[in-house]
Each structure stands twice: as structure tokens, then as C-alpha cells.
Amino acid sequence: MDLPVQLDPADQALVDGVLARRLRPLAKTITLIESQREDHKARARAVLEALLPHTGGALRVGISGVPGVGKSTFIEALGLFLIEQGHRVAVLAVDPSSSVTGGSILGDKTRMELLSQRPEAYIRPSPSAGSLGGVAEKTRETLLACEAAGFDVIIVETVGVGQSETAVAGMTDIFCLLQLPNAGDDLQAIKKGIMEIADLIVINKADIDANAAQLAKSQMKSALAMFRHASPNWTPPVLTLSALRKEGIAAFWREVLRFRDTLGATGELDAKRRHQALSWMWEMIDRGLRSRFRNHPKVRAELDALQAAVDAGTTTPSAAAARLLGFID
Ligand code: GDP
């Protein structure tokens, strides 16, 4: 079913500019996507609908790791390597700190100085407004806009804290976890349930101590054996590399391509994208319902009193919920 798209001339110009692979219209489109204004949101939706047939062509790579592990050093080295191979690379970020403090620790252009100067690269910092869910949603839409603008590798970066990894794994084809060559680091990852969603693990800074890196690699491999990967056809490889010395970048990319080819051949990659799109839709429905509920005049009028009553034990949670939900029926 085609949804009707109504574009005014200014927005049609954005669409044409993005499809012509021009960066200014792309940046303007992303600004529209990130806007909190209701009229901008409606326009962004229409622009995205128009761009949608031109999306889907990129390899979407998620990269996560704690601050200091070497993400920006790695992404810069990888980005330059990919440009040498003829690719166009967009780097996006999902930064949970940006939604809390308004400040961002990821995706800053100055962190990837060489890459940001290349016309074949586009680096966009994390949107800084809204909840993590809102930030992730905007990054997803930005990813689509970048694909329509002809970027064929999209790297989505996030920090190894909180729920942001799940959000990034939910919008990328392959999710890569960067680790430091320290014993004990792997245990932290297990605790947070990150290993279950990692498709590829990289031990960075192998130049500092090659033995420590090898040890970390074998620890990581045995830790991985405790988890079952989502695909029966894939065992997440563990690589060691040095982002600083640009060593191991080609081997990393070979593994990414092997992942794409393996899961592409079985149809799992397509299935993953379809599943991601549907979960995205349901997430938006959930969030839309929640915000409609909270904004309903009767809910607003009675919410405080009913919360207080539940708190005081004078009414049950289910009775309060039933009354509040009754207002939006
Ligand atoms: P991010 O916070 O994860 O983006 O980490 P950065 O890329 O900013 O790197 C943090 C620090 O680690 C910087 O001083 C980098 O130069 C350094 N670094 C990154 N990769 C390597 C590496 O492979 N080897 C060494 N020795 N240092 C590295």
C-alpha cells in the first residue's frame, strides 16, 4: 500500500538534492529529521517517504565500545581505508549522554579530522535532544537519508554504556564490539549482555602488548562459546588490531564482508532488516500511544491523584491503570 506523499516545492528540492548526492541538502534534511517541531516532523516524514525507494543500498555497520577504547581512531582508519577502496562512508552516532546533558561525546568532527576532510565521507554527531529512543529513531532516519544520498557504508557508533548498544544493533547489519586488551574486560561485556548481540569482536590497541592482546582474544573466544549467536551459520570472530597503527583494518573488513556474504546467501540478512523495520514500527507505535496517553486532557487531569492513591495504597495499580486507559478508548 502506497501512503500518499505531499511534498511542497522546498521539500521536493531537498529530495532532489539528496538524490543528486549533494551534502547541503542532505544536512538540511537531517536537520529537519532532528527537529522537535511538529510541522518539521511532518515534513521530515514526507521527505523520507520520497527517499525510501532509494534506501537500503548500504552496508550498515554498528561499532560500540567504552570511551577511550579507540572508536574514533578505528573509524577514521576504517573510513579512510574504505574510501581508498572506492566507497562513500557516512558516520553517525547514538550517544546516550547527549540526550541527558545535551553534550555529545561521540561523532564530533574534530575527533576524525582526516576523515571529515574527505568529500567521500560524511560525519554527523549524535542528535542531542530527546530520550534515547528519540535519539535512536532520528539516527535510523538519518541512516536512510544517507543511503539515499549514495553512501554505501554507514557506520553507526555508540558508547558501551546503557541501552544504546541494543538500539544500534537494531538498526545495523553487523554489530562490532571494540574491547581493550585487559583481562576482565570480557567479563564486563558478558554481564551487560552485549556479547549476545555482537557479530564481531575486536581487541584494539594490540600494539601496546601483543601477548596481552592474544590472551584477551582467547579469553573472549571461550566466553563467546557460552552464547549462541542469532545465526546458526555464524560464529563471531575475535580479531586483534591496532587502530593507531592502522594494522588489521583490511582483515576486519574482510570479516565484515564474509558476514554479509554468509548471511546474505541464506536470506538471514534480509530477514534481519525486515524484522528491524517492523520492530521500529512497533516501537514508534508504542511511543506514540504513550505520548498520546500522557497528553490526553482527562489523563492529565487525574494522573497525579491516581498516582498518589496507588502510592498511598488506597487504590490498586490495576484499578488506576484501567481508569486511566479508559479515558483514551
Ligand atoms: P574513543 O573514545 O573510543 O573514540 O577512543 P579514541 O579513538 O579517542 O582513542 C582514545 C585514545 O587511545 C587516544 O589517545 C588514541 O590515540 C588511543 N588509541 C586508539 N587506538 C589505539 C591503538 O590501536 N593503539 C594505541 N596504542 N593507542 C590507541
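At what angle do α12 and helix α13 pack, and how far apart are their axes?

1. First, the overall picture. Keep in mind that this is a predicted model. The protein chain has 14 helices and 7 strands. With a radius of gyration of 22 Å, close to the 20 Å that the globule rule gives for 329 residues, the chain is as compact as a globular protein of that length. Along the principal axes, the C-alpha atoms fill a box of roughly 65 × 55 × 40 Å.

2. Now the opening question. α12 and helix α13 (residues 297–312) pack at about 70°, and their axes are 5 Å apart. That angle makes α12 roughly perpendicular to α13, since 65 to 115 degrees counts as such. On the α12 side the residues involved are F293, R294 and N295, and they meet P297, V299, R300 and L303 of α13. Sorted by class, this contact has 4 nonpolar, 1 polar and 2 charged residues.

3. α12 also packs against α11. Here the angle is about 90°, with the axes 5 Å apart, so α11 and α12 are roughly perpendicular to each other. From α11 (249–265), the contact takes F259, R260, L263 and G264; α12 brings E268, L269 and K272. The class count for α11 with α12 is 3 nonpolar, 1 polar and 3 charged residues.

4. Next, the largest pocket, which holds about 1,500 Å³ of space. Its lining runs to 38 residues, and R45, E137, E141, W280 and M284 lie nearest the centre. Of the elements, α12 gives the most, with 13 residues. By class, the lining of the largest pocket splits into 16 nonpolar, 10 polar and 12 charged residues.

5. The second largest pocket has a volume of about 430 Å³. It is lined by 22 residues, and the closest to its centre are A169, G170, A230, K272 and Q276. At least two lining residues come from each of α7, α8 (164–169), α11 and α12. Which element supplies the largest share of this lining? Again it is α12, with 6 residues. The class count for the second largest pocket is 9 nonpolar, 7 polar and 6 charged residues.

Methods:
Residues numbered from 1 in each chain as written. Predicted model: local features only at pLDDT ≥ 70, side-chain atom pairs only at ≥ 80, totals over all residues. Heavy atoms only, no water. 1 Å grid on protein atoms, 1.4 Å probe; cavity = no way out; pocket = protein on both sides within 12 Å on 5 of 7 lines; lining within 4 Å. Points joined across faces, edges and corners; volume = space filled by probe spheres on them. Helix = DSSP H or I, 4+ residues; strand = E, 2+ residues; numbered from the N terminus. Nonpolar A, V, L, I, M, F, W, Y, C, P; charged D, E, K, R; others polar. Axes fitted to C-alpha atoms, helices over the stretch in contact; angles between N-to-C directions. Parallel < 35°, antiparallel > 145°, perpendicular 65-115°, else oblique. Contact = heavy atoms within 4.5 Å. Rg over C-alpha atoms; globule rule 2.2 N^0.38 Å.
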